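Colleague: I would like to learn how to read a model of this kind, one feature at a time. Please give the general idea and then the case.

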Amino acid sequence: MFALIDRLQKKDELALREVVHTYGGYVKAIVLKVLQPNHTAIEECINDVFLIIWQKSNQFTGNEADFKKWIGVIAKYKAIDTYRSLQNKPETVELFPSISSTRGLPERIVEQKSLKEQLFINILGLNKTDQEIFLLKYYLGYSNGEIAEIFAISKSAVENRLYRGKLKLTDEMRWEVSK
């Protein structure tokens with residue numbers, strides 16, 4: 001185990017600063033992919049990720065490469081949890097919306113955003129492994145080979161799961177649009 005993890009597990013605050021400095025960009029990239037338009041939620045989520053890392057550092061066992069993966073998994077799941085909690089909150093209504101925020105907003109953009117949100121919700125309806133594969137592939141940008149390594153399966157198995165999942169999601173999205 002490398003020294004940084006050991007220091008973090010001993011609750012050395014300087015070690016946490018090093019973790020933030022070393023992995024901050026990595027965490028931000030993961031969180032951004034899930035929470036893209038909501039900048040306040042992005043910053044809060046990133047802070048929450050590092051708090052979780054601080055609190056649960058004693059649960060980590062492994063090497064430096066595993067540590068980065070562990071951080072990535074924490075970031076991904078925290079971002080997804082944040083996304084879900086934002087979806088459950090009632091939207092705030094502006095009493096005096098600015099003219100610039102209401103003019104020229106094509107219905108097509110609103111509709112596309114709604115479809116993206118529905119797609120994300122439908123992905124969460126897949127089985128756990130397929131959910132993770134889809135999120136790694138399409139939200140976090142992992143290659144099929146990287147995903148295969150993470151799950152210890154063949155690249156063709158990843159491709160098959162993606163193909164079958166796309167078919168299922170396409171059917172569900174067609175049904176949602178036709179409602």
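**Reading helices, rings and burial**

Modeller: Start with two helices: H7 passes H8 in a right-handed crossing. A crossing is left-handed if the near helix is turned anticlockwise from the far one by less than a right angle, and right-handed if clockwise. This is a predicted model, in which local features need pLDDT of at least 70 and side-chain atom pairs count only at pLDDT 80 or more, while totals for chains, interfaces and linings use all residues. Residues are numbered from 1 along each chain as its sequence is written, and side-chain values use heavy atoms, with hydrogens and water left out.

Colleague: At what angle do H7 and H8 pack, and how far apart are their axes?

Modeller: Two packed helices are described by the angle between their axes and the distance between the axes. Helix H7 (residues 128-139) and H8 pack at about 145°, and their axes are 10 Å apart. The axes are lines fitted to C-alpha atoms, for helices over the stretch in contact, and the angle runs from 0 to 180 degrees between N-to-C directions.

Colleague: Which residues of H7 and H8 make the contact?

Modeller: From H7 come Thr129, Glu132, Ile133, Leu136 and Lys137, and from H8 come Asn144, Ile147, Ile150 and Phe151. Contact means heavy atoms within 4.5 Å.

Colleague: Why does Ile133 count as buried?

Modeller: Buried means under 20% relative accessible area, exposed over 50% and partly exposed in between, with a 1.4 Å probe and protein chains only. Ile133 has a relative accessible area of 0%, so Ile133 is buried. Setting aside residues up to four places away in sequence, Ile133 touches Ile147, Phe151, Ile153, Val158, Arg161 and Leu162. Its C-alpha atom is 9.5 Å from that of Ile150, a residue 17 positions away along the chain.

Colleague: Is Glu132 buried or exposed?

Modeller: Glu132 counts as buried because its relative accessibility is 17%. Beyond residues up to four places away in sequence, Glu132 touches Lys76, Tyr77 and Phe151.

Colleague: Where does Asn144 sit, and what is it in contact with?

Modeller: Asn144 belongs to helix H8 (residues 144-151) and is buried, at 13% relative accessible area. Its contacts, leaving aside neighbours within four places in sequence, are Lys137, Lys155, Val158, Glu159 and Leu162.

Colleague: How many aromatic pairs are there?

Modeller: A pair of aromatic rings is described by the distance of the centres and the angle of the planes. Rings of Phe, Tyr and Trp (its six-membered ring) pair if their centres lie within 6.5 Å; planes under 30 degrees apart count as stacked, over 60 as edge-to-face and the rest as tilted. By this rule there are four aromatic pairs. One of them joins Phe60 and Trp70, which are tilted, with 5.3 Å from centre to centre and 50° between the planes. Phe60 is in the loop between helix H3 (39-56) and helix H4 (64-88), whereas Trp70, ten residues apart from it, is in helix H4. Phe60 and Trp70 are both buried.

Colleague: Why is the pair of Phe67 and Trp70 stacked?

Modeller: Their ring centres are 5.8 Å apart and their planes are at 25°, so Phe67 and Trp70 are stacked. Being three residues apart in helix H4, they are separated by about one helical turn. Tyr23, Phe60, Phe67 and Trp70 form one aromatic cluster.

Colleague: Which ring does Lys11 lie over?

Modeller: A charge sits over a ring if NZ of Lys or CZ of Arg is within 6 Å of the ring centre and within 35 degrees of the ring normal. Lys11 lies over the face of Trp54, 5.1 Å from the ring centre. Likewise, the charged end of Lys68 sits over the ring of Tyr26, at 4.8 Å from its centre. Lys11 is in the loop between helix H1 (3-9) and helix H2 (13-35), and its phi is positive, about 65°, although it is not a glycine. Lys11 is partly exposed, at 33% relative accessible area.

Colleague: Which residue has a positive phi near 55°?

Modeller: That residue is Ala152. Ala152 lies in the loop between H8 and helix H9 (155-178) and is exposed, with a relative accessible area of 71%.

Colleague: How many helices and strands does the protein have?

Modeller: There are nine helices and zero strands. Helices (H or I, at least four residues) and strands (E, at least two) are DSSP runs, numbered from the N terminus. Of the 179 residues in the protein, 32% are buried.
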